[in-house]
Amino acid sequence: MNTGLMNLLVLMILGIVYMFGFTKLQQRFFAKFSNPTKNQAVLIVFVSSLLMAGINLYHIADLTNQAFTFFMGNNQVSNAITYAIGYFTGMWIFSLLFFRLSYLIVGRLTHEDEDVELTKNNLELAWTHAIIIIVLAFIIAPALINIAASFIPYPTIPSV
């Protein structure tokens with residue numbers, strides 16, 4: 001199979017599993033706000049959590065693409081697959097922890113109980129949380145990618 005096609009297939013499968021799994025877990029987390037359906041505030045925070053996970057996915061997919069190409073160029077198929085699965089799994093866990101932590105921090109920084117306010121459809125709190133989580137994802141993901149890239153055993157050029 002062509003390396004580019006195999007890379008595309010791996011990224012597509014892992015991306016679908018990543019977003020589907022994250023969405024399902026977030027749906028279970030936000031189910032406590034359903035009475036009988038989610039209100040606008042809850043949907044705003046839910047969608048922003050998916051957008052945050054998507055931003056993280058975008059960045060890790062780019063690094064995974066580079067690692068996959070590097071390992072396949074060196075005929076290391078098992079390393080290519082292992083790094084791809086490892087990177088996607090690590091970023092999925094990070095996204096989940098990042099959302100939960102942001103949820104706790106926003107809850108602590110505001111005077112209101114975030115659960116109660118989201119249930120009462122407090123759009124200001126929902127938009128505040130949404131913007132915070134999305135902006136932080138844009139800021140943190142590239143730095144996290146730099147750390148993850150250091151695990152790829154690229155050859156070093158000898159210094160003169």
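Hi everyone, one definition before we start: buried means under 20% relative accessible area, exposed means over 50%, and partly exposed is in between, with a 1.4 Å probe and protein chains only. By that rule P155 is exposed, because its relative accessible area is 65%.

Now the ground rules. This is a predicted model, so local features need pLDDT of at least 70 and side-chain atom pairs count only at pLDDT 80 or more, while totals for chains, interfaces and linings use all residues. Residues are numbered from 1 along each chain as its sequence is written, and side-chain values use heavy atoms, with hydrogens and water left out.

Let's take the overall picture. The protein chain has five helices and zero strands, so the pattern along the sequence reads α-α-α-α-α, where helices (H or I, at least four residues) and strands (E, at least two) are DSSP runs numbered from the N terminus. The C-alpha trace spans about 60 × 40 × 15 Å along its principal axes. Of the 160 residues in the chain, 40% are buried. I'll call two residues in contact when they have heavy atoms within 4.5 Å. Among contacts between residues at least 6 apart in sequence, 82% join residues at least 24 apart.

Next, helix α2, residues 40–73.

After α2 comes N75, in the loop between α2 and α3. N75 has a positive phi near 55°, and it is a residue other than glycine. At 70% relative accessibility, N75 counts as exposed. There is another such case in the loop between α4 (114–119) and α5, namely N121. N121 is not a glycine either, and its phi is positive at about 65°; at 30% relative accessibility it counts as partly exposed.

On to the aromatics. Rings of Phe, Tyr and Trp (its six-membered ring) pair if their centres lie within 6.5 Å; planes under 30 degrees apart count as stacked, over 60 as edge-to-face, and the rest as tilted. A search of the whole structure finds ten aromatic pairs. One of them is F70 with Y154, edge-to-face, at 4.9 Å centre to centre and 65° between the planes. F70 lies in α2 and Y154 in the segment after α5 (123–149), so this pair ties together parts that are 84 residues apart in sequence. F70 counts as buried at 18% relative accessibility, whereas Y154 is partly exposed at 35%.

F71 and Y83 make a tilted pair, 4.6 Å centre to centre with 40° between the planes. Here F71 belongs to α2 and Y83 to α3 (residues 77–109), so the parts tied together are twelve residues apart in sequence. F71 is buried at 0% relative accessibility, and Y83 is partly exposed at 21%. F70, F71, Y83, Y87 and Y154 form one aromatic cluster.

F29 has charges over its face: K32 at 4.6 Å from the ring centre and R100 at 4.2 Å. The test is NZ of Lys or CZ of Arg within 6 Å of the ring centre and within 35 degrees of the ring normal.

Finally, the interior. A nonpolar core is a set of buried Ala, Val, Leu, Ile, Met, Phe, Trp, Tyr and Cys residues joined through side-chain atoms within 4.5 Å. Which residues have the most contacts inside the largest one? They are F30, F99 and L118, in a core of 45 residues. The elements giving two or more residues to this core are α1 (3–30), α2, α3 and α5, and the largest share, 17 residues, comes from α2. Leaving aside neighbours within four places in sequence, F30 is in contact with K38, V42, V45, F46, S49 and F99.

My last stop is H129, in helix α5. Buried or exposed, at its relative accessibility? H129 counts as buried, at 0%. Not counting residues up to four places away in sequence, H129 touches V45, F99, S102, Y103, V106 and E114.
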